[in-house]
Amino acid sequence: MLTHQERQDEPTWLLIMRLLRWDKPAGRLILMIPALWAVFLAGHGMPPAPLVGVIILGTLATSAAGCVINDLWDRDIDPQVERTRSRPLASRALSVRTGAVVAIVAMSCAGILALYLNPLSFWLCVAAIPAIVFYPTAKRVFPVPQLVLSIAWGFAVLISWSAAKSHLEPASWILWGAVILWTLGFDTVYAMSDREDDQRIGINSSAIFFGKYAALAVGIFFIGTIGLLAWLGAIMQLHSGFWLALGIATIGWIWHYSRLRQDDLPRPVYGKIFRQNVWIGFILLAGMIVGFLW
C-alpha cells in the first residue's frame, strides 16, 4: 500500500493508470473472456480478425469506464476499506473532475468502437449502460449486488454473439447463463475478502448475503456454470478439445471450492482464487476454439 508521501509524488499518468486498473489486468481480462467466448463460438472458431480487435478494445474501454464510475460513486466509502483505500480518488490523489473526464473519455472510446457493430449489437451496448453506471448504487440498496455486475458481464456475451451473427439464438442464451453464474461465483469470492469492512460500513454483497453458506453458494454457481457449458458444447457439437478444457476448469473450480471451505482463510487467498479464474477462462477459450477443429 502506498504511503501518503508516495501518493503525492506519483505522476498523474500513473495515477490515471491505477484509476483505470490497468496496473491490475486480471479484472480487465475477466470481462474480455466472456466476450471472446461468444465471438469465437458464434464464429465457429474463426471470427473476422477486425471484429475480434474491436471486441478486445471495446471490453478494455468499457471495463475502464466501469472502474472509474465505480470509484466516483465510492470515493467516500473506499477510504474505509483496507483493499481500496489507496485508490486515486479515495486517497484524493486525483480530483473528482479528473475522474469524470477520464470516465467520459473511456465511455466515448467504447461508443466509437460500438459504431463498428451492427444495429442489434449497438443497441445492446446502449442497454448495458444502466447496469454499468448503477452497479455501485446496487451495493447500497440491493442485497446481492454481484447479480447486477453479472448481468453487466452477460451483456458482453450478447453483444459479441450478435456482432458475429447479427442475431441471437438458443446457444447464445445458454452461454449468457453460464457467464452469469460464473461471474456470481468469482465475484462472490472477491467479495469474501471485504466482508468485515462491508459489514462495518453497511455495504451489501453476496458474500454477506449468503453468510456462512458463501462457499457453498460459490460451489453451486460453479456447478451451474459447468452444466451450462456442457450443454452448450453438446448442442454446438464441440469436439474433444473443448471437453478437455472443461475438465481442467472443473478440476480448478473443485479446488477453489475446497479452499473456500477452510476456516480463517487469509485475505490474499481470495484474490488469488479470483485471478486463477482468469486462467480458467482462457483455458476454456482455447478449448472452444480447438473444439471446432479437434
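These legends describe views of a predicted protein model.

**View 1. Overall fold of the predicted model.** The protein has 13 helices and zero strands. Helices are DSSP runs of H or I with at least four residues, strands are E runs of at least two, and both are numbered from the N terminus. Spans along the principal axes of the C-alpha trace are about 55 × 45 × 30 Å. The radius of gyration is 19 Å, which agrees with the value near 19 Å for a compact globule of 294 residues. That radius is taken over C-alpha atoms, and the globule rule is 2.2 Å times the number of residues to the power 0.38.

**View 2. The largest nonpolar core.** This core holds 83 residues. Such a core is a set of buried Ala, Val, Leu, Ile, Met, Phe, Trp, Tyr and Cys residues joined through side-chain atoms within 4.5 Å. Buried means under 20% relative accessible area (1.4 Å probe, protein chains only). Residues with the most contacts inside the core include Trp37, Leu41 and Trp253. Helix H3 (residues 25-42) gives the most, with 13 residues. Across the protein, buried residues make up 53% of the 294.

**View 3. Surroundings of Leu260.** Leu260 is among the residues with the most contacts inside the core. Leaving out residues up to four places away in sequence, Leu260 touches Val189, Met192, Ala215, Val218, Leu265, Tyr270 and Ile273. A contact means heavy atoms within 4.5 Å.

**Notes.** Residues are numbered from 1 along each chain as its sequence is written. Local features need pLDDT of at least 70, side-chain atom pairs count only at pLDDT 80 or more, totals for chains, interfaces and linings use all residues, and side-chain values use heavy atoms, without hydrogens and water.

Notes:
Buried means under 20% relative accessible area, exposed over 50%, partly exposed in between (1.4 Å probe, protein chains only).
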